[in-house]
Structures are given as C-alpha cells and as structure tokens.
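Trainee: I would like to go through this model one question at a time. Please put the value or name I ask for at the end of each answer.

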Amino acid sequence: MQAYTIDFVNLLLRWLHVIAAIAWIGESIYFVMLDNSLRTPKSSEDREKGVFGEMWSVHGGGFYHNQKYATAPAKLPNELHWSFWKAYTTWLSGFALFVILYMVNPGFYLVNPNSSWQWAANMSGWQANLLALAFLLGGWVVYNELCKRISPNMERDGLLSVAVAVMMVVVAYLSTQMFTGRAAFLLTGAVMATAMSANVFFWIIPGQRRMVKAMKAGEAPNPLDGKRGKQRSVHNTYFTLPVVLLMVSNHYSFIYSHERAWIAMVLFIFAGALIRQFFVLMHAGKTQPAYPAFGVGLILLAFGVTAPTATLPSGEGVAGQPDQAQITQLMEQHCVQCHARNPAHAGFSAPPAGFALDNWDEILGHKAQIQRVVASRYMPLGNMTNMSDEERDIIAAWEE
Ligand code: HEC
C-alpha cells in the first residue's frame, strides 16, 4: 500500500511538474521571442511616449499589439501582470519528485557502486542524500558567484557565458562520478533548473519590485535592475533546451549508464544552447543556420561517444550457448526480486519498467533490452544482487 501510494503521488507530482514547466518555459520562450521581434514603433506619438519597440501579431482569432517601453512608461497602470508562480511551482514540484523518486531509496537510485571514486561507491544512503542536496545548493552558489564576480554590471557577459559553460562541464563530470548515471543526468539538469528558478526568485522578481517601487515613489528606477533581470533571463533561455533533454533522458538508460555519459551530457548541453541561439537570432531577423548545424554536429558526436564499447561484457569468452535453464536461473537470482508481477523487493507496487522476468515468455520478449542493460551494468539496479561479470558474459553470449 505504501509503495502504491508513493507511485500515485509520483504520478500526480509529475503531472503538475510538466504542466508548470510547460507554462513557465512557454511563457519565457514567448517573451524572448517578443523581445527579439520588437521593431521601432511606426507612430511618432508612441515614440514620444517612450515606446521603444512594438510587435503586431495574430493569434487565436484576434490581433495583438505589444509595446515595450525603453525603461518604463511615464506612469504605471494599476494592474500589472507578473509571472513567477509558474517558475516556483516547477521547481517545488520537481524537487518533491526528486525526493520521492531518489531520496526515499538512495541506496540504489543515488549511490553508484561502479564509481571509480571509492568513497562515492561506498557512500551510505543518507550520505548520498546529503551530497545530492549539497550538489544542488553548491551549483547555485557557484553560478551566482560567477555572475556577481565576473559581470556585476553586465559589462562582461560574454566571458561570463564561457565561465558558466565551463562550470557545466565540471558539474556533468562530477555528477557522473558521484551518483548513478540516471541521477547524474537528473541532478545536472536540476543544477541548471535550480539556477533558473533562483534567478527568478532572487534577482529578476526582486529587481522588478524595486523598479516598480521607485516609480511609484516618483523616482527613476535603477537601470541596473533591469539589465540584471535581462542578464539572468538570457541565461535561463540557454538553459531551457538542455534542461528538458536531461529531464527526459531518465527514460533512456543506454545514454546515462554509459561510461562516457558525462561527455554525452556536455555535448547535449552545448547542442541545446546552440539550437536555442538560432531561434533567438531568428526572431531578431537574423537567420544563421551555422548554429543549429553545429548543434546537430555535437549530437552526432554524442551518438558516436555513447555507442556500445568493447570493454563491456560481450560473451566472447563463454564456451557454448547458455540454455533456457541457465538464463532462467540468472533472472531468478538477479532480477525477479524487483521484476516480478508482485515484486518482493520493498518499494515496488508493480514490476519496474512494466515487465516481469518470472516467466520464459516475458524473458524472451525482452531479450534485447535485457542484454543491453546487463552489459552496460545498469541492471540489476545498483548491482544490489551482486551480478558478476562472468554472469553478465553468459547473458551476452545468449543467442536463442
Ligand atoms: C532492485 C530492483 C531491481 C533489480 C534487482 C533489477 N531491476 Fe531492472 N529495473 C528496476 C527499476 C526500478 C527499473 C526502472 C528504472 C528506469 O526507468 O530506468 C528497471 C528497469 C529495467 C529495464 C528497462 C530499462 C531500460 O533502459 O530499458 C530493464 C530491461 C531491466 N530493468 C532489466 C533487468 C534485469 C535483466 C535484471 C536482472 C539482471 C534487473 N532488471 C534487475 C529495478 C530492478
């Protein structure tokens, strides 16, 4: 009952998380498009009022006319639309999901028994939980310090982008050494997503509040607040595509359980940012196909980097063919605790990934998948049933 309840809450949280993320990112992509699509206003009256750019659009059967003021209009209207709850809801629901998916069972969802770092491979569950939290918090602190130190007045934003890119390479590398591949992808995405939400919470919204307050008091708003909000929201824009990839990567063990997973992660992060750049420029009227072309090149590189490698169990040293009895016995010994119609292992209300390996038809039906996850050492999860490389070799040698 407890496992079932957790699964049900998981489903509801994921529903909320995806909806909030769509609403937030959709709006954020819309505003970047709007900003870059602004053209000098046609009417001199508007220009005199301080309108610096305008966009006409047609949508949902109506015509819209957006106008942006250089800093602010002479007088603020009483009603002003703010956007922040979508960002906060996305982060809060995402964090809650992380807690119930990973932190409730850190022993096999966070701790990476194959880590080349001995201390990481031997971490206890609560140590892994604390490390994951420190990792998220540390990611934000380092990113925020980089912004504050390198480009406090938005004068060296180019250099800052390079520093943030280097930071992401380090984050990708560290995460895969310290945690399971699946958690590493998620946490690297979460470092970026946390920076995005924290940018909204600590900088963009407070800056806007100061601007509104100054104007209500009849003072000129500090232009640095506006520029800093812009700086952070530009970062958010380049984070969005990589974050979405890293979040959905959870369904693709071939990539995150690969020994070079961190390189693939880095390639995808850069590819996502480059592809985003294309759209940003396109709305500003500049079409530069070199950006997505380069991005696609990086994705092709990732395809090569995460191809199955020769160091994995291949079954070559195994004499003869394993028979049905041998395979069934290995499944029973290493897999059915979890992959059964009624899993004996605590924490599962149904067979994980939707299939049971307690009968021969199911085993045969998932042969290719079984061989892939056993060879990549992704399964048994956390190698908690201690499958040896010799046993993995037998699975790899199985042809029938
Ligand atoms: C401790 C519990 C546990 C054990 C033991 C275990 N699994 Fe899994 N398995 C899981 C969970 C949880 C998932 C879902 C994780 C995910 O979505 O990537 C999963 C997913 C899978 C998948 C789908 C993932 C993919 O990328 O296709 C396959 C195939 C699989 N397991 C095969 C096996 C085999 C074969 C064994 C035995 C050698 C095994 N598992 C042992 C818990 C377990």
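Predicted model: local features only at pLDDT ≥ 70, side-chain atom pairs only at ≥ 80, totals over all residues.

Trainee: What distance separates the centres of domain 1 and domain 3?

Mentor: The domain assignment gives domain 1 (38-69), domain 2 (84-305) and domain 3 (324-397). Taken over C-alpha atoms, the centres of domain 1 and domain 3 are separated by 61 Å.

Trainee: Which residues lie closest to the centre of the largest pocket?

Mentor: The largest pocket holds about 1700 Å³ of space. Its lining counts 43 residues, and the closest to the centre are F31, D35, K68, H81 and Q208.

Trainee: Which elements give two or more residues to the lining of the largest pocket?

Mentor: By class the lining has 24 nonpolar, twelve polar and seven charged residues. At least three residues come from each of domain 1 (38-69) and domain 2 (84-305). The elements that give two or more residues are α1 (2-37), β2 (62-69), α3 (85-103), α8 (181-216) and α9 (223-248).

Trainee: Which element gives the most to the lining of the second largest pocket?

Mentor: This pocket has a volume of about 1300 Å³. Its lining has 47 residues, with Y109, R182, F348, P352 and A353 closest to the centre. Two or more residues come from each of α1, α3, α10 (253-256) and α15 (367-375). With nine residues, the element that gives the most is α1.

Trainee: From which domains does the lining of the second largest pocket draw at least three residues each?

Mentor: The class count for this lining is 29 nonpolar, 14 polar and four charged residues. The domains that each supply at least three residues are domain 2 (84-305) and domain 3 (324-397).

Trainee: What is the geometry of the site of the iron atom of the ligand?

Mentor: The protein donors are H339 (NE2) and M379 (SD), at 1.9 to 2.3 Å from the iron atom. H339 sits in the loop between α13 (324-334) and α14 (360-365), and M379, 40 residues apart from it, in the loop between α15 and α16 (389-397). Ideal angles for six octahedral donors are 90 or 180 degrees. Among the six donor atoms here the angles are 87 to 179 degrees, and the site is octahedral.

Trainee: What is omega for the peptide bond that joins M379 and P380?

Mentor: P380 lies in the loop between α15 and α16. The bond between M379 and P380 is cis, with omega about -10 degrees.

Trainee: What is the phi of M154?

Mentor: M154 is placed in the loop between α6 (125-150) and α7 (157-178). Although M154 is not a glycine, its phi is positive, about 60 degrees.

Terms used: Residues numbered from 1 in each chain as written. Heavy atoms only, no water. 1 Å grid on protein atoms, 1.4 Å probe; cavity = no way out; pocket = protein on both sides within 12 Å on 5 of 7 lines; lining within 4 Å. Points joined across faces, edges and corners; volume = space filled by probe spheres on them. Helix = DSSP H or I, 4+ residues; strand = E, 2+ residues; numbered from the N terminus. Nonpolar A, V, L, I, M, F, W, Y, C, P; charged D, E, K, R; others polar. Domains from an automatic or database assignment. Donors = N, O, S within 2.8 Å, 3.2 Å for Na, K, Ca; no water. Tetrahedral: all angles 85-135°; square planar, octahedral: opposite > 155°, others 65-115°.
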